Amino acid sequence: MKKLKKTVAILAVTISAGFAFAGIAHAQQKTMSIGTGGTGGVYYPLGGAVANVLSKNLPNVQATAEVTGGSVDNLKLIGTGQSEMGFTMADAALDALQGHDKFKNNKVPLQALLVVYPNRMHVVTVEGTGIEKMADLKGKRVSTGSPGSATEVMAFRVIEAAGLDKDKDMKRERLGVAESVNAIKDRKIDAFFWVGGIPTAAVTDLAATPGIKMKLIDHGELAEKMNAKYGKLYSASTIKAGSYPGYDKDNSIAEVWNLIVTGDKMSNDDAYTIVKTLVEKKADIVAVHKEAQSFSLDNQRQDRSPIPFHPGALKYFKEMGIGG
């Protein structure tokens, strides 16, 4: 009987210790929210791939990709502590860091984890609208992107550099890329702005629609004028022929780099581990979207990010022989 009591007591101690250990393990479980964008863009599938890679490779981390309006929303979510990380365009991030424009009196303390890929501005129309060049947007129905997006930030700057007034010269809608594609198919708008990776699923859908001939409007020459006002954020680039179904000529555009950023709460160890994992497991992310090819060490240059790199990220870059 004594022996039995002793065994039961030992068993009870073992079980309670097990529960206590489970409690500690559970307490260490980190949930990590990653702000992305709308489902028709590139941030969302890329963010899902990033979340999967982090959840799979980091013990006790459960990362999730959140559907949002885009860069501006993501930066605000970081500012309020609702997201740990977010995708953003460099121009919107700089506004948030300095408290300008949509972040007036609302600075967000930001640190860059990774320079990811260049975002290309698409100025999209279809045959039959009479739009051949930027000046032809005058008097047209134009979507400049959803309210929480960096598409809207950059669209306003492109329109301004083209010598147009976003409020007086066009009937402006504020639609995400998927909604813009549906609206242009239904002839409810004549053109739309979208800044994203290549290819963007919703734009591919428009280009592949029978009976519609998609056109992309050249505007690369405006990058210089935008930089003169907003700082060296933009560069002239090209959406190459063949990037979209049936689209057989190069399109001259303005582009800006995308970043993954965090606030000022992430530890150096966490930042180091996250950046190391994303760079080393890049192939898993490329399998979801080819823009992740740019998640490479040679792109981790401070001149591509107006946001200072997190010390944890810099530690990893230094180990890999990159100056940051």
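**View 1. The largest nonpolar core of this predicted model has 80 residues.** A nonpolar core is here a set of buried Ala, Val, Leu, Ile, Met, Phe, Trp, Tyr and Cys residues joined through side-chain atoms within 4.5 Å, where buried means under 20% relative accessible area, exposed over 50% and partly exposed in between, with a 1.4 Å probe and protein chains only. Leu54, Leu137, Met154 and Phe193 have the most contacts inside this core, and strand β4 (residues 111-126) supplies its largest share, eight residues. Apart from it lies another core of 21 residues, among them Val124, Met214, Tyr244 and Tyr247.

**View 2. Surroundings of Leu137.** Leaving aside residues up to four places away in sequence, Leu137 touches Val123, Ile131, Val142, Leu164, Asp169, Met170, Ala191 and Phe193, a contact being heavy atoms within 4.5 Å.

**View 3. The cis peptide bond between Ile198 and Pro199.** Omega of this bond is about -10 degrees, and Pro199 lies in the loop between β7 (191-196) and α7 (201-207); helices (H or I, at least four residues) and strands (E, at least two) are DSSP runs, numbered from the N terminus.

**View 4. Asn60 and Arg187, non-glycine residues with positive phi.** Asn60, with phi near 65 degrees, lies in the loop between α2 (43-57) and β2 (61-66) and counts as partly exposed because its relative accessibility is 33%. Arg187, with phi of about 60 degrees, is placed in the loop between α6 (177-185) and β7, and at 41% relative accessibility also counts as partly exposed.

**Notes.** Residues are numbered from 1 along each chain as its sequence is written, and side-chain values use heavy atoms, with hydrogens and water left out. In this predicted model, local features need pLDDT of at least 70 and side-chain atom pairs count only at pLDDT 80 or more, whereas totals for chains, interfaces and linings use all residues.
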